Amino acid sequence: MARVIGSVVSTQKDPSLVGKKLMIVRPIDSDQKEIRFEQIASDTVNAGIGDNVLVTRGAGARRADGDSQRDAADVNDCTIVGIIDRFDK
Amino acid sequence: MARVIGSVVSTQKDPSLVGKKLMIVRPIDSDQKEIRFEQIASDTVNAGIGDNVLVTRGAGARRADGDSQRDAADVNDCTIVGIIDRFDK
Amino acid sequence: MARVIGSVVSTQKDPSLVGKKLMIVRPIDSDQKEIRFEQIASDTVNAGIGDNVLVTRGAGARRADGDSQRDAADVNDCTIVGIIDRFDK
Amino acid sequence: MARVIGSVVSTQKDPSLVGKKLMIVRPIDSDQKEIRFEQIASDTVNAGIGDNVLVTRGAGARRADGDSQRDAADVNDCTIVGIIDRFDK
Amino acid sequence: MARVIGSVVSTQKDPSLVGKKLMIVRPIDSDQKEIRFEQIASDTVNAGIGDNVLVTRGAGARRADGDSQRDAADVNDCTIVGIIDRFDK
């Protein structure tokens, strides 16, 4: 779980990252309290600033459906894969 | 080891996550003390709120038997794979 | 490095975990001081309570020799792969 | 996100690392505050000291375009894959 | 980055670890300050006690050139892949 807090602009980067939205996400818990440090995640679900999102890391991050670069040269290791509507506790 | 404390509702998400139960789990130790921060884990063993569970991460999370999406596009990186009956120490 | 401090009993679990000994291990340093939090590790070397052991994580955990389930559905992500006799410093 | 703060010289090393620039990077957040500890990352985008960069870890690190050693013996696990021009928040 | 501080002796272990030197390493930063906790790493570059070394983790650890066991049963997840001569900052 994380909250989208911004994005980064990067001109000089690996070809597999061209055309991807690179968002700054801050991990949160289900009380929406910020935990741990910020990370960069590519976005495949059109998440906006302030959205609470599902994030996947590692090989899973390169399998996301909206990822047009799903190939052997994809360097991505963190992807937003869902928007959280509600926490049920 | 983790305890199930809730679930999340997400409408807009990666196709590989559709139909999966996404639970909020809190890592615990064998004294059932909460350690570290909450995570989201998909559930393959019908775990309920309050259950102590076994959780697997990374590639192992995409191999769980109850996972109907065991395919190349599965973005899941954390799965509940067992319910803990008892700690023996 | 970790010390074996107990085990867990789990009836309802992924088929790939059936028949495996699931031990509770506590990471230690070479002074045998406890560091970090407990984890669950499957055992392939007949480690006993109190043994100091070598632990491997991730894909390496699914390759251990004593692992009768070395197949595509193995969900294991942490395995005891050796018993430490002595620290030389 | 990380800032490049230096480099390391290593003569005796794995063949897959020969010819790679090995930079010392310090993780930062989007306020450019230093977080966590330093790491070594190979460089594929000609990053310089003081640059804020995108870093990928694990298997993604071995897929970077500028990596001339993209083969089965590549031991690299951390790579600089982009230079950050700007944080938008 | 890590410093080699000792080794472990283990008789009862996974076959893929037989014949490997298993070193105790302590992560350091470029000021040679100790950071985080000790780990066990197999050695492929003949590192000695006191050497500052490059360490790789995960799948990369099983690809190191000096690793005579580069096969599907290798359980190793942390390897020393270079000796650091100098930090340039």
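Author: Welcome! In what follows, contact means heavy atoms within 4.5 Å. Please keep in mind that this is a predicted model.

Reader: How many residues does the contact take from chain B and from chain A?
Author: With that 4.5 Å cut-off for heavy atoms, we can look at what each chain brings to the contact. Chain B and chain A both take part, and the residues from each are 26 from chain B and 26 from chain A.

Reader: What area do chain B and chain A bury between them?
Author: The size of an interface is often given as the accessible area lost when the parts come together. Here carbon and sulfur atoms carry 53% of the buried area. The whole area that chain B and chain A bury is about 2,100 Å².

Reader: Which element gives the largest share of the side of chain B that touches chain A?
Author: The elements of chain B that give two or more residues to this side are β1 (2-9), β2 (22-27) and β3 (39-43). By class, the side has 12 nonpolar, seven polar and seven charged residues. The largest share is five residues, and the element that gives them is β1(B).

Reader: What kind of rotation axis relates the two copies, chain B and chain A?
Author: Chain B is superposed on chain A by a rotation of 72° with 0.0 Å of shift along its axis, at an RMSD of 0.0 Å. The two copies are therefore related as by a rotation axis that is five-fold.

Reader: How far apart are the closest C-alpha atoms of chain A and chain C?
Author: No contact joins chain A and chain C. Chain C and chain D do not touch either, with their nearest C-alpha atoms 11 Å apart. For chain A and chain C, the separation of the closest C-alpha atoms is 11 Å.

Reader: How many residue pairs are in polar contact between chain D and chain E?
Author: The contact takes 26 residues from chain D and 26 residues from chain E. About 2,100 Å² is buried between these chains, 53% of it given by carbon and sulfur atoms. The salt-bridge count between chain D and chain E is zero, while the residue pairs in polar contact, both at pLDDT 80 or more, number 12.

Reader: Which element gives the largest share of the side of chain D that touches chain E?
Author: Two or more residues on this side come from each of β1 (2-9), β2 (22-27) and β3 (39-43) of chain D. The largest share, five residues, comes from β1(D).

Reader: Which residue in β6(E) does Val8(D) stand opposite?
Author: Strand β6 of chain E, residues 86-88, is joined to β1(D) by three bridges, and the strands run antiparallel. The residue of β6(E) opposite Val8(D) is Phe87(E).

How values were computed:
Residues are numbered from 1 along each chain as its sequence is written. Chains are lettered from A and ligands numbered from 1 in the order in which they are written. This is a predicted model: local features need pLDDT of at least 70, side-chain atom pairs count only at pLDDT 80 or more; totals for chains, interfaces and linings use all residues. Side-chain values use heavy atoms; hydrogens and water are left out. Buried area is the accessible area (1.4 Å probe) that two parts lose on being put together, summed over both. Helices (H or I, at least four residues) and strands (E, at least two) are DSSP runs, numbered from the N terminus. Ala, Val, Leu, Ile, Met, Phe, Trp, Tyr, Cys and Pro count as nonpolar, Asp, Glu, Lys and Arg as charged, and the others, Gly among them, as polar. Copies are superposed by least squares on the C-alpha atoms of residues with pLDDT of at least 70 in both. A salt bridge is a side-chain nitrogen of Lys or Arg within 4 Å of a carboxyl oxygen of Asp or Glu. A polar contact is a pair of N or O atoms within 3.5 Å; within protein, one must be able to donate a hydrogen and the other to accept it, and residues adjacent in sequence count only if both atoms are side-chain atoms. Two strands pair if DSSP finds at least two bridges between them.
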